[in-house]
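Please read the following briefing alongside the sequence and the coordinates. The points are grouped by topic, and each topic can be followed in the viewer.

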Amino acid sequence: MERSWWWKAALYGAAIVLAVLYLVPTVVTDDKELPAFFQKYFKKRIQLGLDLQGGLHLVYEVNIEKAVASKVDRLANDVDDAVKKKVTDFNLVRSGRDDITITFKVPGDVAKLDDEVLKPFRRDLDVVSRDAATGIVKLRYDADRVAEVEELALRQAIETIRGRVDAFGVAEPTIIKKGTDIVVELPGAKSKDFERIKNIIGRTAQLEFKIVDDGSDYMKKVAASVPKGGAITVSPEAWTEKHTGAQHEDIYLRVKEKDREELNKFIAGLSGELSVPNDREIALELMSPREGGEGTPDRYYRTYLLKKRAGVTGEYLSNADESWDEMGRPEVSFTMNRQGASMMEKLTGENVGRKMAVVLDEKITSAPVIESKIGERGRITMGGYGDPFKLQQEVKDLVGVLRSGALPAPLKKSFETQVGATMGQDAIDKAKTSMGIGAIAVILFMLIYYRVAGFIANLAMTLNMLFMIAILAAFEASLTLPGIAGLVLTIGMAVDSNIVIYERIREELRHGKSPRTAVDAGFQRAFWTVFDAHVTNFVAGIVLYSYGSGPIRGFAVTLLVGIITNLLTSVWISRWMFEILVSRRGATRTTLSI
Amino acid sequence: MAEQQKFFEVIKSDTNIDFIGRQKYWIGLSIVLVLLTILMLPLNAYVFADRGHMLNWGVDFRGGTELVVEFSRPVEAAQVHQALADAGLHNAEVVRYGSGGPGTTSSYMVRMGAVSVMSPDQAKKVEASLATVAGANLRKFESSEGGDKVYLRFDKNIEPSAIANAFKAAGTEAAQVQPFGPPQDNTYEITLVGMDGEVRKALDAKLGAGAVKAIPQVSSVGAKAGKQLQVDGVRALLGAILLIVVYVAFRFDFRYGPGTIVALLHDAVITVGAFAVTYKEFSLTTLAALLTIIGFSMNDTIVVFDRIREDAAKYRDRKFDRVVNHAINETLSRTILTSATVFFVTLAMNIFGTGVIRDFAFAMNVGVIVGTYSSIFIASPILIWLNDKYVAMQKRQAARPERNVRRPVRRGDEEEAAGT
């Protein structure tokens, strides 16, 4: 034997040992049964794809328009603040997705909206027109920034979804961007959780803190207009500021839970003198009376008059956690980041003694009295849940959603696949059968047709499978139904390469060459043919991978891996095995049974 | 020389069939098949009443909802169809689906064009019936196709139950109606019952409670996403062909390129034709199969071309078309064997597989046959034709004598000279 033969033997042997090591965790499915050695170095195993173990496959579109519009909304607020410092009498209107129009009462004030005022907005806003005669200034959101916002919204949405899915604890989720779509794959998700998961992912989760405008004359007027004897009742409330002892009085409307529409109708009907001021809004909270006693007290809705502009938003949240209030009910506690904390301090510091509404997705969850300046920590109590289990679950979901932050824009589901677990088992069984039959047929054929050489080919094919699955395990790839088809196809490809080579060797033998030269020539001549064939398949595989999603991608991955391992096994390893056959002294044509 | 060795052979090594001489007939057959495919598409779409689409687009291309329904007792497809139609779910396709899980007596694949319970037509109907509810006028009706939510805006506040009733009256079930946004907006969010829930209800109502054992698989694709997938699919297919041809032109020479393009397109078109004739579902998986077929067909063509190149260098005195015919015969054994093995492997998958695997295998079965055929009867004649043109051009350009084939200097050739 030549020296290089031994080197190859050692190399191939090492590759086989490594492959077997990588395969052990996939075969031994229970982590506890694995020795510590494997726990440390070879923990990875093949995952079953969505179609085999069941799960959810979702594709979302991000409503980019909305993301841009809300960014311009925020800018409009800032411009409003900036202009207020210079001019008092003006009107700012937001229109379309990109436009802001400012109308000055005194046309001459247009000049006051100079570059100095607009400096902070230079990057974001373009001045479309500035008419000193009519006092109208038109601003438009910069077109270049739109693309940036889109990009950012998409990235942020992905991060947000990832955070939420992680919080829910689905193993091995895949969340990727595809064009302007977001693809979410959750293999192993349980059928019973499908609805809940979809809800969590799709929730916008906009958290806002707004100050309650208590003791306003406006609410008194509204309360006075409430028809007597109807479903709506008027209640006063009063509280004392802890430190200064100052009295606060307010008046609010309430209805029983079932009569919510009555209240909504009444509020919507407010007009003229009673119409809600521009910078205020009336919001409702569902109250659950906490006092026990006889029977279950009815839940009711009550109104709050809020300052429309949110003092602080969920953007500045740094963490959220599950905690329990003094009654032992679950609630959400949160921590603000430094910027948020200073904003919160300013907001609460200026409003000690007033109430602050915690608004989640435009619904008030609670409105506690600000007893002292609040810094970085706060909490959200959840009203309106009778069932303690449901409350617990809602708190858990909210923690997950808050931790991941609000979605930058609403999501729209455009594609959905749900696969139940039983479906998967059936598919696995069928796939195993078809794969087994195909493989056995090929192995038999090779043995009969090429005898000893066929045996070598079969050995090479088995090694090919071994390497392939080991590599898939090492990458923790997921095996899908089309992926199994890819495996079977690789068997076909392996056979193909061997046949190309063997037919060539036969030809050389027919030309009267000695076994040794025939094998050399056969492998040498056939190599480039086999190589070219593999490259073209590889190209098809790459296109498939970059275009496909989900299961198709699984197919492409097995195909690509298979092409590489096949080149290794059917060209190099099987040649090496042939060398054992023909390099012995006195090797004849019968030794090389082909 | 030693004794001639005997091999187990399917194709004798001295086989010499005149493929090229009869190429006219073979090319004619291909043209007929391609034309049939092109003809079949509009026939499917407009003539055959029970088909209605050019191809039986799967839910991923067409948009819609696809459910697998398992029944706890034997049920006929017609019954399922009728039960769904009675519940207002018209135009549902009902196909027997595998054997189902253990303890299931029958299971069907149900496919509907609708993504949500509310079709565009149904949406119009609902919108009309909601025009005035409890004295309030509808200001805005927002329903996205494929969405499971509808947003309504009225000029006044109304009772959610009134909205729910109005939905019911129009034949659509609303799972939940709740106010959305600030109360002065008068906006309501309506969550529709999911497609699976609706189907289960319809079937249980008609076939007896508990008839539906499970709905283990639900897929829904918005119409827009489906269109996008179609466009992407065609793009991927053409992209793959282009890349492969560039590689071939680089590895061989430019004369070998066009034949491969035509052969690959030929394979793709005829495989699509098989799907048009059988009206089997054309899904993302089928597309994957098409790409695989292209890879395989290329594989086959390369083996033949490789030998043509080698022989062209070896037999410079022969006419090029004879060289090609000889090369095809030399590689015939290999061609038949490899195609047969792949064919039988995929046939096993076709017979014993399920769902996706089965569709994939069917496409492969067709593609392997067509792919083998095209390397011999399509790619090679085009190569000969181009070579003749090239040689004629060379002759015109230069007065110097030209070889039949420009000899590529590559590995093997030097040895060839030494060996013979």
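Predicted model: local features only at pLDDT ≥ 70, side-chain atom pairs only at ≥ 80, totals over all residues.

**Sheets, helices and the chain contact**

Strand E16 (residues 330–336) of chain A is joined to E19(A) by 4 bridges, and the two run antiparallel.

- Within the pairing of E16(A) with E19(A), which run antiparallel, A:Phe334 has A:Gly378 in E19(A) as its bridge partner.
- The sheet is an open one of 3 strands in chain A, ordered E15-E16-E19, and its pairing is antiparallel.
- Strand E15 (317–324) and strand E19 (377–380) of chain A are the edge strands, each of them pairing on one side only.
- On average, and with direction ignored, neighbouring strands of this sheet are turned by 25° against each other.

- E3(A) pairs with strand E4 (residues 99–104) of chain A in the antiparallel sense over 6 bridges, and the bridge partner of A:Phe90 in E4(A) is A:Phe104.

**Strand E13(A) and its partners**

- Strand E13 (residues 300–307) of chain A is mostly covered, with 6 of its 8 residues buried.
- Strand E12 (residues 280–287) of chain A is joined to E13(A) by 8 bridges and runs antiparallel to it; in this pairing A:Leu284 stands opposite A:Thr303.
- Strand E11 (residues 247–256) of chain A is joined to E13(A) by 3 bridges, again in the antiparallel sense, and A:Val255 has A:Tyr301 as its bridge partner in E13(A).

**Two helices of chain A**

- Helix H1 (residues 3–27) of chain A has 25 residues, which at 1.5 Å a residue should span 36 Å; its end C-alpha atoms are 36 Å apart, so the two values agree.
- The buried residues of H1(A) are A:Ala19, A:Tyr22, A:Leu23 and A:Pro25.
- Helix H14 (residues 515–547) of chain A has 33 residues and should span 48 Å at 1.5 Å a residue, which agrees with the 47 Å between its end C-alpha atoms.

**The contact between the chains**

- The contact takes 67 residues from chain A and 72 residues from chain B.
- On the side of chain B that touches chain A, at least two residues each are supplied by strand E10 (212–221), helix H7 (223–251), helix H9 (284–314), helix H10 (320–352) and helix H11 (355–397) of chain B.
- H9(B) gives the largest share of that side, 12 residues.
- The residues of the side of chain B that touches chain A comprise 37 nonpolar, 27 polar and 8 charged.
- Strand E20 (residues 411–419) of chain A pairs with E10(B) in the antiparallel sense over 5 bridges, and A:Phe415 stands opposite B:Val221 in E10(B).

Methods. Residues numbered from 1 in each chain as written. Chains lettered and ligands numbered in written order. Expected span 1.5 Å × (residues − 1). Buried ≥ 20, exposed ≤ 12 C-beta atoms within 10 Å, placed from the backbone. Contact = placed C-beta atoms within 7 Å. Nonpolar A, V, L, I, M, F, W, Y, C, P; charged D, E, K, R; others polar. Pairing = 2+ DSSP bridges. Axes fitted to C-alpha atoms, helices over the stretch in contact; angles between N-to-C directions.
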